[in-house]
Amino acid sequence: MMLPKALRWFNTDARHYQMTCQSTLFLYGCLFLGFDVPWWLPAAFIGTTLTTQYLFTKALGLPHFDFRSPLISGLSLCLMLRTDTIPLAIFCAALGIASKFMIRWRGKHIFNPTNFPIVFALLFLDGVWVSPGQWGSAVWVAFLIACLGAMVVTRATRSDTALAVIGFHAAILFGRALYLGDPLAIPLHQLQSGTLLVFAFFMISDPKTTPYSRPGRILFALLVCLVAGWIQFGLFRPNGLLFGLAACSPLVPLIDFVLPGPAYRWDRASNQTKGMSHETSTTPSGLGGLPLPHGAR
Amino acid sequence: MKRQLHRVGLAVCLCLTAPGSPAHAFCGFFVGKADTKLYNKASKVVLVRDGDKTIITMANDYQGDLKEFAMVIPVPTFIEREQIHVTSNAIIEHLDEYTAPRLVEYYDEDPCRTIVAMESRALGSMPAAAAAPPVMAKELGVTVEAQYKVEEYDVLILSAEESSGLETWLKQNGYRIPEGATEVLGSYIKQGVRFFVAKVNIEEQEKLGFTFLRPLSVAFESPKFMLPIRLGTVNANGTQELFIFALTRNGRIETTNYRTVRVPSDVELPLFVEKEFSDFYTAMFSRQVEKEDMHAVFLEYAWDMNWCDPCAASPMSPQELEELGVFWGGEPNRNGGDARNAFVTRLHVRYDAAHFPEDLFFQETGDRTNFQGRYVLRHPWTGTADCSEGKDYRARLAARYAQDAKTLQDLTGWDPKEIKDKMALNGQADPKVDPATGQKWWQRLWQKRKS
């Protein structure tokens, strides 16, 4: 039977859920929220991430090409990054995947392959932007995103990072409102942001670029939120969380050193097909008896 | 001493919105002027922004006694005298007309031959003004950091330690502060803002020979790219209308904390809309606001200032742009453009405190895609067309009329029967309906037998 077989395959990797959720959200955004997306943008993002991953796989002589990680990176870029220029779209997508292979520490990539090119582009390139207001604040949309996202992270066992980010971010927003004497409608409005939920559930919850231990991840979430709060309310710049994540990512190896934990494997998260690796490995063995989390996501 | 009470126009100004006068169109000639007042209680703000440099111009259509008018605006930095400028309403009207949603006409070609024509006209918003009050005590924690006479305006730059002190000071000095403003003022004070307070100096105004409020511009440098709307919602009865015209170097602006949505555009409408364009646009806009649950900011125009197509008004001249504060005008842009190196964005917001609890925050994007609110009238070919293409053409007209009627109904919520009746009067009757009886052919089919 084809269907049960397909479902079994679908269940082998939590990223399949993630891809489905991201695609659904992207289509929803394009069809119902009027995203500023020309037809070529998803093609450029996804085509480039897949191609770049393939080229690095070949160049580094890795055992096999895994389409999932670059596809997720491409879809994440579709959800967040906007540009009118095809070369810029290609550059950003390639930069994200390249960073995954080239900026590493002890077999683990430092930067989230979606976050890195976005922050780089916002800082150094003209003609690229992120629309933090694109999801609006309609409660049901936020709810939908939360549900879909929760499904992904639960399967990927990283819901703790997402929830910690939302919790700390909410604490900062409400704390600020209380200090300023603002009505609670203001932090509530700020919290009802689809962009926040997309960030929490689809970006920072990436198990490959967050600390291995739970206390480490909670600490990491706190640091990201503090930096984000300073950027948003101290420097008055939008997209504080994106910058916060990029600024804190280099601290992950240090957090892992101080608060060590078991490395993450996507296939284990799905408790299926033991020993099967979907990652782009650059080193064949693990550290201290644990498999190393290689490659992206 | 008899103290004059100043009605405080908080945050953004109030102004009436009337249609802009039309202008020439690229291909064709101008037909008429949409001379209707579209929105009540509308404010117009021009934001010129590049890097952290901002020039904000506020136009107010305050209609009451100018002696009673004052304006309080939170500003992020101290403002020196040279940072304040009084400009003319005409410039803002021009910008309004240039960016206004427009109605365009086309004429069908002879299906057996060719021909073209086109016209346009535009809807606009309108001008406005500003005003302000004088000085008094400082024990309330209020510091009058500066006091300027700027043409017909008396301007104060205030800082305060707490909102109750500021409120008391303002009241003591004859400003009517609405209930509920204390908390909002307090929030701004804690964020370290100053208050720009302006009122009209009637004597000075008489000397200058003006009888209306002229727009005030303030230039400052701050990373904050925002518009304080919260004070304006404190005492508002119902919703308020705000137009934001942004002039930037690289691309359109959008709100970062609310969704920016394009108004429906490039749709074909029944011909009778020509006479009711203002009604159509206001009805359509209201429906869009409703559809978005009043949580969105609407994009009505985004265009490179060097051109337009069709033009509702000619592009702003480099001198006008400079007057509004486009300080980078002379520099070449990345596309090698001329002195009109500006991209204009027109945003339209209908807001109240419940749906827009937070101030509007913006960002400039790199998006230079042109967008305009454009509505199309397509006149049918009325000459003879006896060729076979002519017969096909007539057959397609019925479907086109039906589609136009449905589009109009969807966009405005107007009664479909009324739409069809008005279309019939304009020669856009459904061919299935007998113009004499208003009945469809099948309604007439067995009527005689029944009678």
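This is a predicted model: local features need pLDDT of at least 70, side-chain atom pairs count only at pLDDT 80 or more; totals for chains, interfaces and linings use all residues.
I began at E151(B), which sits in the loop between β9 (142–150) and β10 (153–160) of chain B; helices (H or I, at least four residues) and strands (E, at least two) are DSSP runs, numbered from the N terminus. Residues are numbered from 1 along each chain as its sequence is written, with chains lettered from A and ligands numbered from 1 in the order in which they are written.

**Entry 1**

I looked at E151(B) for its backbone: phi is positive, about 55 degrees, although the residue is not a glycine. E151(B) has a relative accessibility of 36%, so I noted it as partly exposed (buried is under 20% relative accessible area, exposed over 50%, partly exposed in between, with a 1.4 Å probe and protein chains only).

D293(B) turned up next, with a positive phi near 55 degrees in a residue other than glycine. I found D293(B) in the loop between α6 (277–291) and β19 of chain B. D293(B) is partly exposed, with a relative accessible area of 48%.

I also noted a cis peptide bond from D309(B) to P310(B), with omega near -5 degrees. P310(B) belongs to the loop between β19 and α7 (318–324) of chain B.

**Entry 2: cysteines**

How many disulfides does the structure hold over all chains? I found one, taking a disulfide as a pair of cysteine sulfur atoms within 2.5 Å. The partners are C308(B) and C311(B), whose sulfur atoms lie 1.9 Å apart. The torsion about their S-S bond is about 90 degrees, so this disulfide is right-handed. Both C308(B) and C311(B) are buried.

Then I turned to C248(A), which is in no disulfide; the nearest cysteine sulfur belongs to C225(A), 9.1 Å away. C248(A) is buried, its relative accessible area being 2%. C92(A), at 1% relative accessibility, counts as buried too.

**Entry 3: a helix pair in chain A**

C225(A) and C248(A) came up again when I checked the contact between helices α11(A) and α12(A). Helix α11 (residues 214–234) of chain A and helix α12 (residues 240–248) of chain A have axes 7 Å apart and pack at about 130 degrees. That angle makes α11(A) oblique to α12(A). I used axes that are lines fitted to C-alpha atoms, for helices over the stretch in contact, with angles from 0 to 180 degrees between N-to-C directions. Under 35 degrees counts as roughly parallel, over 145 as roughly antiparallel, 65 to 115 as roughly perpendicular and the rest as oblique.

From α11(A) the contact takes in F220(A), L223(A) and V224(A), among others, and from α12(A) it includes G240(A), L241(A) and F243(A); contact means heavy atoms within 4.5 Å. I sorted the residues of the α11(A)–α12(A) contact into twelve nonpolar, two polar and no charged (Ala, Val, Leu, Ile, Met, Phe, Trp, Tyr, Cys and Pro are nonpolar, Asp, Glu, Lys and Arg charged, and the others, Gly among them, polar).

**Entry 4: a helix pair in chain B**

Helix α2 (residues 163–172) of chain B and helix α3 (residues 181–190) of chain B have axes that come within 8 Å and cross at roughly 120 degrees. α2(B) and α3(B) are therefore oblique to each other, and α2(B) passes α3(B) in a right-handed crossing. Which residues meet here? I listed S163(B), S164(B), L166(B) and E167(B) from α2(B), against T182(B), L185(B), G186(B) and I189(B) from α3(B). By class, the contact of α2(B) with α3(B) has three nonpolar, four polar and one charged residues.

**Entry 5: chain B overall, and V297(B)**

I counted eleven helices and 23 strands in chain B. Of its 451 residues, 58% count as buried. Helix α1 (residues 89–99) of chain B is mostly covered, with nine of its eleven residues buried; I91(B), I92(B) and L95(B) are among them.

My last stop was V297(B) in strand β19 (residues 296–304) of chain B. V297(B) is buried, with a relative accessible area of 0%. Leaving out residues up to four places away in sequence, V297(B) touches, among others, Y258(B), V261(B), L347(B), V349(B) and F356(B).

How values were computed:
Side-chain values use heavy atoms; hydrogens and water are left out. A crossing is left-handed if the near helix is turned anticlockwise from the far one by less than a right angle, and right-handed if clockwise.
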